[in-house]
Amino acid sequence: MLQMEGEGEEEDIVCLDESFFIDDNYQLTTFTFGSQVIELLCLQSASTDFDLTGQLVWPGAMLLNDYLSKNAELLQGCTVLELGSGVGITGILCSRFCSKVVLTDHNEEVLKILKKNIELHTSSENSKCCSGLVAEKLEWGNSEQIGHILQTYSDGFDLILGADICFQQSSICLLFDTVEKLLRNRREGQCKFILAYVSRTKIMDSLVISEAVRCGMQINELVGTRSVVGNLEGVIFEVTLKKQDE
């Protein structure tokens, strides 16, 4: 405990352990996307720590999962890496159609619940429909962690996914720098980045587009995906590397 003097009296300053800010009151929650029913552990409201936004399911994840469930042919037999997976709701849905799904997050506490949900869906009862689920730590812009992903999965991925991951302006540059490296790692065929984006500020709206362009990417809105989610406007973007002659 620390003390400091103030107006002739000593005041006690309480030093709180970081666990004080962590809410781990997870509840088993059921979500339905078309014919797909998913049960997983998540919070029902946001944690007090902004860095722990991955503990609950955000509107953009609902938007992306709804789109993927209606276009499951896009996933059939594919390899997928998801950025900012949180509790894993999108990756778990993908695992029912894909050959491999790598779920990533940077926060250790979020990775704990992500791994619990993977275990829940790769149990003997569910293993046939949820094979190939893997969790990896990945902080955007971290060259060591990105290098580990590129080396471990050297053939690359068919799809990179991100659902409602654009919250902090300072992270958008790092996000697209990371995406650019992942897209270029595909050995055969073209890799696409599918981003479910929820508009919260006009500054962020512009930043997402400008950063994609800065990194040599083409970003297009998928027709018919713009909708209202959680009282906010959401849309799904398809992001690809520009061809060298463009």
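**Figure 1. The second largest pocket and its lining.** Ala, Val, Leu, Ile, Met, Phe, Trp, Tyr, Cys and Pro count as nonpolar, Asp, Glu, Lys and Arg as charged, and the others, Gly among them, as polar. By this grouping, the lining of the second largest pocket divides into 3 nonpolar, 3 polar and 4 charged residues. The model shown here is predicted, and local features need pLDDT of at least 70, side-chain atom pairs count only at pLDDT 80 or more, while totals for chains, interfaces and linings use all residues. Residues are numbered from 1 along each chain as its sequence is written, and side-chain values use heavy atoms, with hydrogens and water left out. The second largest pocket has a volume of about 180 Å³, where a volume is the space filled by probe spheres set on grid points that are joined across faces, edges and corners. Lining this pocket are 10 residues, of which R184, Q190, L241, K242 and K243 are the closest to its centre. (On a 1 Å grid over the protein atoms alone, a pocket is an open set of points where a 1.4 Å probe fits, with protein on both sides within 12 Å along at least five of seven lines, whereas a cavity is a set from which the probe cannot get out; lining residues have an atom within 4 Å of a point.)

**Figure 2. The whole chain, as background for the other views.** The secondary structure comes to 6 helices and 12 strands, both being DSSP runs numbered from the N terminus (helices are H or I with at least four residues, strands are E with at least two). Of the 246 residues in the chain, 46% are buried; buried means under 20% relative accessible area, exposed means over 50%, and partly exposed lies in between, with a 1.4 Å probe and protein chains only. The chain exposes about 12900 Å², and carbon and sulfur atoms supply 48% of that area, as computed by the Shrake-Rupley method with a 1.4 Å probe, in which only the protein chains shown count as cover for residues. Among the contacts in the chain with a separation of 6 or more, 66% are between residues 24 or more positions apart, where contact means heavy atoms within 4.5 Å.

**Figure 3. The salt bridge between D164 and R200.** A search of the whole structure finds 11 salt bridges, each being a side-chain nitrogen of Lys or Arg within 4 Å of a carboxyl oxygen of Asp or Glu. One of these joins D164 to R200, whose closest N and O atoms are 2.8 Å apart. This pair links distant parts of the chain, 36 residues apart, since D164 lies in the loop between strand 8 (159-163) and helix 5 (169-184), and R200 lies in the loop between strand 9 (192-198) and helix 6 (202-214). D164 counts as buried because its relative accessibility is 5%, while R200, at 34%, counts as partly exposed. The backbone of D164 also deserves a look, for its phi is near 55°, a positive value in a residue other than glycine.

**Figure 4. Salt bridges around D177 and R214.** The side chains of D177 and R214 meet in a salt bridge with an N to O distance of 2.9 Å. The pair links distant parts of the chain, with D177 in helix 5 and R214 in helix 6, 37 residues apart. D177 counts as partly exposed because its relative accessibility is 24%, and R214 falls in that class with a value of 45%. A network of salt bridges links D177, E211 and R214.

Figure 5. R226 and E233 form a salt bridge in which the closest N and O atoms are 3.0 Å apart. R226 counts as partly exposed at 40% relative accessibility, as does E233 at 41%. N231 is placed in the loop between strand 11 (227-229) and strand 12 (232-241), and its phi, near 65°, is positive in a residue other than glycine. N231 counts as exposed because its relative accessibility is 77%.

Figure 6. T90 is in helix 2 (residues 89-94), and with 1% relative accessibility it counts as buried. Not counting residues up to four places away in sequence, T90 touches A61, L64, N65, L68, E82, L161 and A163. V134, found in strand 7 (residues 133-137), is partly exposed, with a relative accessible area of 23%. Leaving aside neighbours within four places in sequence, V134 is in contact with K100, V101, V102, L103, I118 and Y153. The C-alpha atoms of V134 and V102 are separated by 4.8 Å, although these residues are 32 residues apart along the chain.
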